[in-house]
Amino acid sequence: MASVLLNDAEKTFILHGVEVDLRCDGRRRGDYRPMELETDVVSTASGSARLRLANTDILVGVKTEIDVPYPENPEEGKLEFFVDCSANATPAFEGRGGEDLANEISSRLSRAYQSLPLAPLCIVPKQACWKLYVDILILECGGNFYDAISLAVKAALFNTRVPQVTGSFLDGGSVDLEVSDDPFQCWRLDITKAPVLVTLSKIGDNCVVDPTAEEETCSVASIVVAVLDSGSLTAVIKIGEGSVHEQTLIETIKTAQKIGVELNSSLMTALNQEESLGPKRQRFGFLK
Amino acid sequence: MKELIVSTCEKNFIRQAVSQGKRLDGRKFDDLRKLDIKYGLEWGSCVTTLGSTKVVAQVSCDVQVPKTSRPNEGLLFINVELSGMASVHFESGKINDAEVKINRILEKCFRESKCIDLEALCIVAEEKVWNVRVDLNILNYEGNVVGCCSIAALAALAHFRHPDVTSTGEGIIIHSEAERDAIPLTIHHYPVAVSFALFDQGKHIIHDPTALEEHVSDVQLVVCVNSYRELCGLYLEGSSIKTVDLVVRCSSQAAKIAKRLVDYVRDTLQEDQNVRNSNMQVPGLVSCVNEDSLFALSQERLIIKLTDRELQEKIKELTTETEEKLDVEMKDCSNEDMKIVSTGPSSAELVSNLDVKVGLGDKNAWMVDEGGDYSSESENSEVELVQEVSRHEKVIQLELSGDSEEEEVTVLKPENLEQRDLSQKLPKKKKSGKK
Amino acid sequence: MDLISDQGLRVDGRRAGELRRIRCKLGVYDQPDGSAYLEQGHTKVLAAVYGPHQIRGSRTKALQDSVVINCQYSMATFSTGERKKRPRGDRRSTEMTMLLKQAVSAVIKAELYPRSQIDVFLEVLQADGGNYCACVNAATLALIDAGIPLREYVVACTASLANGKVPLVDISHLEETMGGPNLTVAALPLSGQIAVMEMSQRFHIDHLEEVTQLALQGCRDIYKILDKAVKEHLLETGDFFPQLESN
């Protein structure tokens, strides 16, 4: 993680604040920072979303492609994550500097997204299926990547329009597919089974939600929980070098579950609200 | 990549020379260096030499799946390698800027200008096409590498033939050279890259710059033109230029040069074709190696233009004495500050006439050894009277006269070794030649 | 498909000498010292400037009398029609990085910051032709936002030739790939100096002059738009330029 330099006095200050449920920006331990979400920002992608979580800015683009399914899952589509840490976020990400972080995030995301059913993406079993490339671009680092990325990914998948396959021909063993060019002839993915990641950072003896970059530097360990809107968990990941007590872990997971359910429902509300504005809504992108 | 380090005085010298209309190697501003193309035994291989810059090009092909966006076209891939062999300043392995620049210019010149008919390279649409690959290796980096590479690539592509192919129902059969003749590539037009170095806000335009001139120049401009006066690529690097018509002028000049170069390439191709047709032994690249100079990269000696009448006369005297050809050109001028002083056979020195000698150096105080011939001294005596050897007075004369390139060797005969007594003072043998 | 119809309209409805719509915003992010977002038609670009700061990495790169300018051009994988496998590191991106550095070096007053480094990072979010131009324009705005002294704006524009006779300005991706030549020029609009000139595909030398002049005119027009945006931004963010209100 792009770490911020803090001296001991600052760390102590943050630690003491968290103990009394008062964080540096005035939030409580369980409060999120204000978020801004907009979908359909990039027209070259089949679906896209941009999420701003205070200082963290994530842009996600989803592209669809026809591919051959894996032999062990012949009736399922494919989902691939790719994270790119842009140098705009911090000069340390120049060239291949952000590769470690990127690989880490993409592998954890794939683990968490195992709950998403890929069967609807299949076209012709064993021969053709849709492959979704979810490309995540980190534009600014303000702490709490996992939450922001998962929200943006869910929103982008909600926004994704997969073209309709209008015809398929068997041509000497191989399949020739006819895909519709009409932008209105497409179907949307069902993302009810897409998880949302909630990060809880352990600072001192308490856990805080949505840590800022400074708070992340103070915390020894974080627990990331992937929660579905029904409350079930798909993944629990522990990051950081510190250790967590068994009891703390169980409590943290329970807290994360509650938060996750809330987060999911607010996300869906926001997405539906945006959808209700209609296709002619004004798109701001980065201009606002 | 290590930077080519040029000293300030070199830079100033070149700039001044350019502003006076002169170049280091005596060429005029629009003279190209000697261009030579030699083809190898295989189709599509050639070595191109432009002055000291040397490039090896090899064209090869294989069958591949075409791009999904263009299922009926073959593929053309150009790859330029700039390794440590080319110049001390390049590190092999890491991609450096110069390599990327040359790669991109050549891609623009050949691939994006569509000089080769790619549709003719299609074997089975959407499944199999020929992938033509041009590999260029730069052997010596001495200026205008882009131009040399483009000529090499062009000659190699024009020379190349790919095997004939027939498609059966299920697959394709690639015929060998013995079964069926190989097919040459269809080339629509012949583009070449011409590079210029601009000095002084474009007042002086130099064609075919050497590496030093390129480095010192303000702006480097590469123009890719074909023989029909069509621009295929343009690349401007360095500080900004004032006006557009500079570029336009360079482009028209480039067009003329391009025509000449393309004609030359065509001529060499024709020659090679004649040789092959007449079933003579194809020389291949062997002729590149047998060069008459000892060092493959030997440079022609600098042509110094001296402008003093006195100097000329002195030089004439010296020339008649030693019968050696000095590369000195005479011109009329009057410069009485300098005079020539002869310091021995085939050596002379410019000495200032001025009273003020600060910074000009004093007359050479090295004395030339009177006894010039060392071959038979060891036979004369055991103990030699050693002359006073101080650093300033001892001059080892290198006689490189005539055809003999062998150094004069002192042969120690066995009789001399036995005669020497350890109690005696060891004679100081004058070693000849190497010092 | 004709690049220009009989009525003189291009594929997207513009005339031959018309630029695409340009929208921009300075100061998009807080973390970089200067940032800018620019949209030129459908091409969207984000620029971030860090610096001047101490040289990162090896200190040997430091120049005694001028600043080291470090650029990076990167394209998002979803920015092009066909997904790009790698955002940066391929030849085209490296070439763009070099050209960007050349353009930016032409305007930054390098002698003011010896032994320091200025980073300029470009991220293309959506590519629809004229990527390099949008990047150069965005970089200029980001540099102004960062407060780095510049000699002038550096503005870039593309031009092409349709059907072999009509010059077009500010070409889109479709027009680029349709086979017409593309000439990219990065110029300093007030002094008329050309910092970068690059061309691909082919056209006859006789047309070079008029196409270049059109590109330079495009640069001057873009400069007016950018300048206006900068002044508006200053009005919004700073209230110590009262004299600008009268402009």
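Find which residues stand on the face of α1(A) turned away from its buried side, then describe the rest of the helix.

Step 1. The exposed residues on that outward face are A:Asp8 and A:Ala9. Here buried means under 20% relative accessible area, exposed over 50% and partly exposed in between, with a 1.4 Å probe and protein chains only. Helices (H or I, at least four residues) and strands (E, at least two) are DSSP runs, numbered from the N terminus.

Step 2. The model is predicted: local features need pLDDT of at least 70, side-chain atom pairs count only at pLDDT 80 or more, and totals for chains, interfaces and linings use all residues, while side-chain values use heavy atoms, with hydrogens and water left out. Residues are numbered from 1 along each chain as its sequence is written, and chains are lettered from A and ligands numbered from 1 in the order in which they are written.

Step 3. The buried residues of α1(A) are A:Ile14, A:Gly17 and A:Val18. Viewed down the helix axis they fall within an arc of 100°, so they line one face of α1(A). The arc is taken over the directions from the helix axis to the C-beta atoms.

Step 4. The cover over these buried residues includes β11 (196-203), β12 (206-209) and α4 (213-218) of chain A.

Step 5. Check the length. Helix α1 of chain A has 12 residues (8-19), which at 1.5 Å a residue should span 16 Å, and its end C-alpha atoms are 17 Å apart, in agreement. The expected span is 1.5 Å times one less than the number of residues.

Step 6. Look at the ends. A:Asn7 caps the N-terminal end of α1(A), with a side-chain oxygen 3.2 Å from the backbone nitrogen of A:Ala9. After the helix comes A:Asp21, in the loop between α1 and β1 (35-39) of chain A.

**Exercise on backbone angles**

Step 1. Most residues other than glycine have a negative phi, and most peptide bonds are trans.

Step 2. At 6% relative accessibility, B:Asn144 is buried.

Step 3. C:Pro52 is part of strand β3 (residues 43-54) of chain C.

**Exercise on cysteines**

State how many disulfides there are over all chains, and inspect two cysteines.

Step 1. A disulfide is a covalent bond between the sulfur atoms of two cysteines. The criterion is a pair of cysteine sulfur atoms within 2.5 Å. Over all chains the count comes to zero.

Step 2. B:Cys61 is in no disulfide, and the nearest cysteine sulfur, that of B:Cys122, is 14 Å away. B:Cys61 is partly exposed, at 22% relative accessible area.

Step 3. For C:Cys135 the closest cysteine sulfur is in C:Cys133, 8.9 Å away, which is too far for a bond. C:Cys135 is buried, with a relative accessible area of 0%.

Step 1. Contact means heavy atoms within 4.5 Å.

Step 2. A:Met268 sits in helix α5 (residues 246-276) of chain A, and at 22% relative accessibility it counts as partly exposed. Its C-alpha atom is 41 Å from that of A:Ala9, 259 residues apart along the chain.

Step 3. B:Ser227 belongs to the loop between β13 (219-226) and β14 (230-238) of chain B, and it is buried at 16% relative accessible area.

**Exercise on chain B as a whole**

Summarise the make-up of chain B and the burial of its helix α2.

Step 1. Chain B holds eight helices and 18 strands. Of its 435 residues, 40% count as buried.

Step 2. Among chain B contacts between residues at least 6 apart in sequence, 68% join residues at least 24 apart.

Step 3. Helix α2 (residues 97-112) of chain B is mostly covered, with 13 of its 16 residues buried. Just after α2(B), B:Lys114 has a positive phi of about 55°.

Terms used
Polar contact = N/O pair within 3.5 Å; in protein donor to acceptor, adjacent residues only side chain to side chain.
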